[in-house]
Every structure is written in structure tokens, then in C-alpha cells.
Amino acid sequence: MDLTTITNQLSGYVKNINLNSQQQQKIGIVTAATLVSAYALYKQFSKEEDYGCPTVPYTDSVKGSEEEYRKDPRAFVEKWTEKLGPVYRVHIFGRMHTVVSGKYAREVFMNDDFNFVTATLKKFDVFALAGIFDSDTMNELIRKLINQHLNPQLKEYTPRVVKNLSIGFNEILGDVTEPKEVYHLYPLLNRMVTRASATIFVGEELCKDESILQVMQGITAKIGQFHPRVNPTWLTGFPSLMGIYFWYIGKFSTEIKNVRNTLKSALIPEIKKRKENAEKDPNWQRPTDMLQQLIDNDPSAPLNDKFYENVLNFLLLLVFASIHTTTENGIIVLYRLLQKPEIFDELLKEQQQVLEENGLDPQGASEDVFTCDVIKKMPKLDSVVRESLRLRNQFYELPHTNIRNRNVVLSNGVSIPPDMDVLINVWHNHHEGEETDLGEFKPFRYAGTRYPASKVADNYLVFGEGKHACPGRWLAIQEIKTVVAMMVREYKLTAPEGVNYPMTGSGLPSGKVIIEKRTI
């Protein structure tokens with residue numbers, strides 16, 4: 001019996017036990033952890049086959065090359081990609097991985113033998129955290145509702161998004177009659193994106209509920225504190241134990257319980273009210289939001305704890321996967337602009353021209369002029385977003401697991417054994433190509449091309465690639481472009497002390513920003 005089979009069996013056993021005391025739960029987990037760890041260590045120290053692939057040399061059989069990688073990811077990636085080529089092995093994150101670059105990244109993305117969700121859950125099992133054991137079904141439901149209901153309704157959502165972005169800005173900074181200084185853009189953009197996302201996810205009424213906004217705004221920090229990148233743990237090398245670890249946190253963590261209880265307290269009365277309205281009046285105008293889509297997804301389902309838990313879990317996963325990432329990407333774009341402040345004037349000029357061409361008031365408020373179609377007609381803005389995200393510090397990312405019980409062979413002859421994870425060398429793909437200046441920020445590189453910010457490509461892997469690329473990228477890009485368009489239109493942003501853009505690690509850019517009202 002192999003390690004994967006043993007750990008999966010033990011994981012299932014521990015997750016399904018129903019002992020009376022928390023102490024007995026701990027005994028079961030510790031016992032399973034001991035057995036799996038002993039077997040895993042035995043396997044780890046056993047001789048590994050190279051499967052026709054060069055390996056980054058290492059001396060520490062437990063940590064591998066992780067310390068060198070974490071110290072300077074960029075230098076590590078560039079050094080070993082140059083020495084070993086587009087496909088090689090590296091021992092990081094507690095176990096051996098295969099790294100692929102160039103055209104081999106596409107081979108992985110397009111091959112159903114590799115699975116992104118499986119690999120991601122090995123490190124951070126957000127499904128186990130939520131007590132969801134059928135992750136495949138939930139993941140397909142998320143993709144279905146996003147593709148069938150969220151993306152087709154972006155035009156309808158945009159006015160509400162713009163309105164709530166403005167509300168979120170004012171809640172943090174007020175009317176900015178005098179210039180305001182912020183130490184970092186994150187708190188401001190986080191609130192703006194939270195407000196905008198909430199109106200789409202839970203509707204125009206619940207998006208005003210401060211308890212819901214606080215949960216959505218802080219959920220990534222509350223849940224993300226358990227991520228191995230934030231809180232490293234020896235369990236990282238044992239994926240199935242990580243599943244038990246996250247299940248246990250979700251089961252007993254006071255913070256997670258508070259998050260769930262807060263959302264349920266707000267959601268349950270709203271769900272009941274909507275169901276009653278639909279039953280009383282067949283012509284009742286259903287709200288346009290994801291909460292209503294969840295209710296209508298199974299209209300015959302009884303309103304019980306199981307139904308409420310399913311709705312809650314869906315929304316938690318949606319919020320966790322979207323708000324923080326969109327906030328981060330918006331920050332990256334704005335700090336790039338602050339590095340080249342002359343671009344603000346170029347973008348403002350583009351806005352004015354587009355508004356005039358569409359018969360809109362160039363002096364009108366953002367809420368009155370920024371429609372979905374208008375935002376799409378700003379190619380320079382779109383190019384700035386794509387170029388900024390392309391240059392985001394990403395290195396070995398987007399893991400994919402070989403989910404078959406056989407080796408998967410790449411076109412260069414390298415074999416990927418069962419359960420091994422493949423890491424995509426995003427840094428290489430984003431910086432290597434026919435153009436010689438790909439390490440330089442050229443804001444209008446993609447203006448007038450066939451490559452909008454939402455279009456994935458071998459050299460633009462921000463949202464993955466292939467049929468499993470992020471289905472929410474159109475909403476994310478629309479929100480980011482709207483945030484930037486509003487900030488450009490209504491405010492002057494300056495970085496008096498410059499911008500600190502990390503050149504090695506994956507941290508966000510930083511720097512104080514002065515925001516003052518712009519007179520159009």
C-alpha cells in the first residue's frame with residue numbers, strides 16, 4: 001500500500017469520527033499523524049527515481065532547497081532554470097516537485113491527468129476548513145454559477161459596483177476636501193472591493209450590513225493565517241495530514257465559528273424572506289445576485305440546516321477566492337501607476353475621449369458615466385492592468401497534481417509519477433519571449449492588440465490557462481479597471497516617498513500615498 005492510499009484512508013477515518021470530547025478527537029488525530037509521518041519519512045529518505053529529469057541539488061532531505069528558494073525566489077528560479085532547462089525537479093515545500101516552463105506549462109494546463117484543485121488543497125484545504133468533503137461537486141457548482149449567472153450579468157452589476165466602490169472609498173477617507181495621506185492602499189481598496197463584491201454576492205440590502213462587510217473584509221486574514229506561507233508547518237510535506245489539520249481548525253477554531261455564525265445570522269432571515277416572497281407571489285421580482293442564484297439552484301430543497309450550510313459554504317469560498325486577490329491586484333496596478341505618474345494623465349485623457357464619443361458628460365460623476373461597455377472601450381487602461389499583473393512577483397505557482405495511477409509523460413520524455421505536483425514557472429513564462437524588454441514595465445504594451453487583461457496565454461498565466469482557467473477573471477478585471485478608472489478620474493494620487501516594489505519575494509508594493517480631490 002502506498003503513502004497516498006494510507007494517508008487518504010486515515011484522513012477519511014479521522015474526519016468522520018464522532019467522539020464526545022475534544023480530547024478524544026486530538027488522540028485520534030495524533031495517532032494518525034504519527035503513523036503517517038513515520039511512513040512518509042521512510043519514503044522520503046528512500047531513493048527516488050529521476051524519471052529522466054534533472055534535479056536541483058540539495059543536502060537537507062527534509063527541507064530540500066526551500067531555505068534558498070525563500071531567501072530569494074527570483075534568483076533561485078533564474079539560476080536553476082538557466083542551468084537545468086525548462087523542466088526539472090526541485091525539493092521545496094516538504095517534498096519533491098517537477099517545475100515546467102515555456103511550452104511545457106501549456107501541456108500541463110491542457111492535460112486532464114493533472115488537477116489544479118487537488119494540488120492546491122494539499123497545501124491549503126479550504127474545503128476541509130469549511131467541512132466540505134465533496135470538493136469536486138462544490139467546485140463544479142461554483143464554476144457553473146459563475147459562468148452561467150455572474151459573467152453574463154456583468155453589465156447589470158456594473159452600476160451597483162461603481163456606486164459601492166464610491167461608498168467604500170467615502171467610508172474610509174470621507175469626501176477628501178483636504179488631501180489625505182494613507183500609509184498603504186490596502187485598507188482603502190479592500191473596503192472598496194468588499195462593498196462592490198458584496199452587492200453582487202449577497203445583494204443590495206445585505207451589502208449594507210456592517211457585520212457581513214466586516215466578515216468579508218477580514219475573512220482572508222482570519223482564514224489565511226493558517227496558510228503555510230503565513231504559518232509554516234512541518235505538515236506541509238504530508239498533504240493528507242494537512243487536510244486533517246484544516247478540518248480540525250474548521251471544527252474547533254473560535255474565529256472560524258464566529259465567521260460562520262455571523263454570516264448565518266444575516267443570511268438565514270434573508271433566505272426565508274425571499275422564499276416566502278417567491279411562494280406568495282409568482283410575479284415577485286427576484287433580486288439579481290449570487291445568493292438568489294443559490295436559492296434557485298435547488299428550488300425544491302427544504303429550508304433546513306443542510307441548505308443553509310451549503311449556501312454559507314458556497315459564499316465563503318467565493319468571498320475567500322475573490323476579494324483579497326482582486327484587492328491585491330488593484331493595489332499592484334495603482335502602485336505601478338505611482339511609479340510613472342505621467343500615465344495618470346494619459347488615462348484621464350482616454351476617459352474623456354471615450355465619454356465624448358459615447359455621448360456622455362465628460363464632467364459627469366463616475367456613477368453616471370462608467371458603464372460596463374464604456375470601461376471596455378479604454379484600451380490603454382486595459383493594457384496597464386494586463387502589464388501590471390504580468391509583472392507581479394510570481395515564481396513557482398499554480399500547482400497541478402498527477403491524479404492518475406500511472407506516470408504522465410511530457411513531450412520531452414520526462415515522466416511525472418502519480419500524486420507528484422507540477423509547479424508552473426510563472427516568472428520564466430512572464431519574462432521570456434521574442435520581446436527583449438519583458439522585464440520592463442511598459443504600460444501600453446498591449447494597447448490595440450488582441451490581448452485584453454482577461455485573456456489567458458502562455459506568457460500571461462495570472463488566471464491560469466485552459467478550460468480550468470479562473471472563471472471569475474472577467475469580474476475581477478472589470479472591478480480592477482473600474483477602481484483604477486474612478487481613482488484616475490476623481491483623485492490625484494502621489495507617492496511622496498516613492499514606491500517600494502519588492503524585487504525578490506512575493507510581497508505587495510508599498511509606500512505612503514497622498515490622495516486629493518481632482519477638479520475635472
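**Note on the predicted model: cores, helix packing and selected residues**

Of the 520 residues in the chain, 55% are buried. The model is a predicted one, and the points below concern its packing and a few individual residues.

1. Overall make-up. The secondary structure of the chain consists of 21 helices and 10 strands. Among contacts between residues at least 6 apart in sequence, 74% join residues at least 24 apart.

2. Nonpolar cores. The largest nonpolar core contains 115 residues, and L185, F201, M487 and I515 are those with the most contacts inside it. Helix α15 supplies the largest share of this core, 18 residues. Another core lies apart from it and has 19 residues, with C53, V87, A105 and I424 among them.

3. Surroundings of F201. With neighbours within four places in sequence left aside, F201 is in contact with L150, M216, D289, M290, L291, L315, L318, V319, S322 and L475.

4. Packing of α8 on α15. Two packed helices are described by the angle between their axes and the distance between the axes. For helix α8 (residues 135-150) and helix α15 (residues 305-339), the angle is about 70° and the axes are 11 Å apart. The range from 65 to 115 degrees counts as roughly perpendicular, so α8 is roughly perpendicular to α15. On the α8 side the contact is made by M138, L141, I142, L145 and I146, and on the α15 side by N310, N313, F314, L317 and L318. These residues divide into eight nonpolar and two polar, with no charged residue.

5. Spacing along the helices. An α-helix has 3.6 residues a turn, so residues three or four places apart point the same way. The contact residues of α8 include M138, L141 and L145, and those of α15 include N310, N313 and L317; the reader may wish to view these in the structure with that spacing in mind.

6. I146 within α8. I146 is found in helix α8. Its relative accessibility is 6%, and I146 therefore counts as buried. Leaving aside neighbours within four places in sequence, I146 is in contact with N151, P152, M290, L318, P471 and G472. Between the C-alpha atoms of I146 and M290 the separation is 8.5 Å, although these residues are 144 residues apart along the chain.

7. Helix α14. Six of the eight residues of helix α14 (residues 290-297) are buried, so that the helix is mostly covered. D289 caps the N-terminal end of α14, with a side-chain oxygen 3.2 Å from the backbone nitrogen of L291.

8. T199 in α10. T199 is found in helix α10 and, at 0% relative accessibility, counts as buried. Beyond neighbours within four places in sequence, T199 is in contact with R160, V161, N164, E204, C207 and D289. D289 is also a contact partner of F201.

9. Packing of α16 on α21. The axes of helix α16 (residues 342-357) and helix α21 (residues 473-490) come within 9 Å and cross at roughly 100°. The two helices are therefore roughly perpendicular to each other. F344, L347, L348, Q351, Q352 and L355 of α16 meet A485, V488 and R489 of α21 in this contact. Its residues divide into six nonpolar, two polar and one charged.

10. Positive phi values. V176 lies in the loop between α9 and β4 (180-182) and is buried, with a relative accessible area of 1%. L398, likewise not a glycine, has a positive phi near 50°. L398 is found in strand β5 (residues 396-402) and counts as buried at 16% relative accessibility.

11. R95 lies in strand β2 (residues 95-100). Buried means under 20% relative accessible area; R95, with 12%, is therefore buried. The side chain of R95 makes a polar contact of 2.9 Å with the side chain of D421.

Definitions and conventions
Residues numbered from 1 in each chain as written. Predicted model: local features only at pLDDT ≥ 70, side-chain atom pairs only at ≥ 80, totals over all residues. Heavy atoms only, no water. Axes fitted to C-alpha atoms, helices over the stretch in contact; angles between N-to-C directions. Helix = DSSP H or I, 4+ residues; strand = E, 2+ residues; numbered from the N terminus. Parallel < 35°, antiparallel > 145°, perpendicular 65-115°, else oblique. Contact = heavy atoms within 4.5 Å. Nonpolar A, V, L, I, M, F, W, Y, C, P; charged D, E, K, R; others polar. Core = buried A, V, L, I, M, F, W, Y, C linked by side-chain atoms within 4.5 Å. Buried < 20%, exposed > 50% of the residue type's maximum accessible area, 1.4 Å probe, protein only. Polar contact = N/O pair within 3.5 Å; in protein donor to acceptor, adjacent residues only side chain to side chain.
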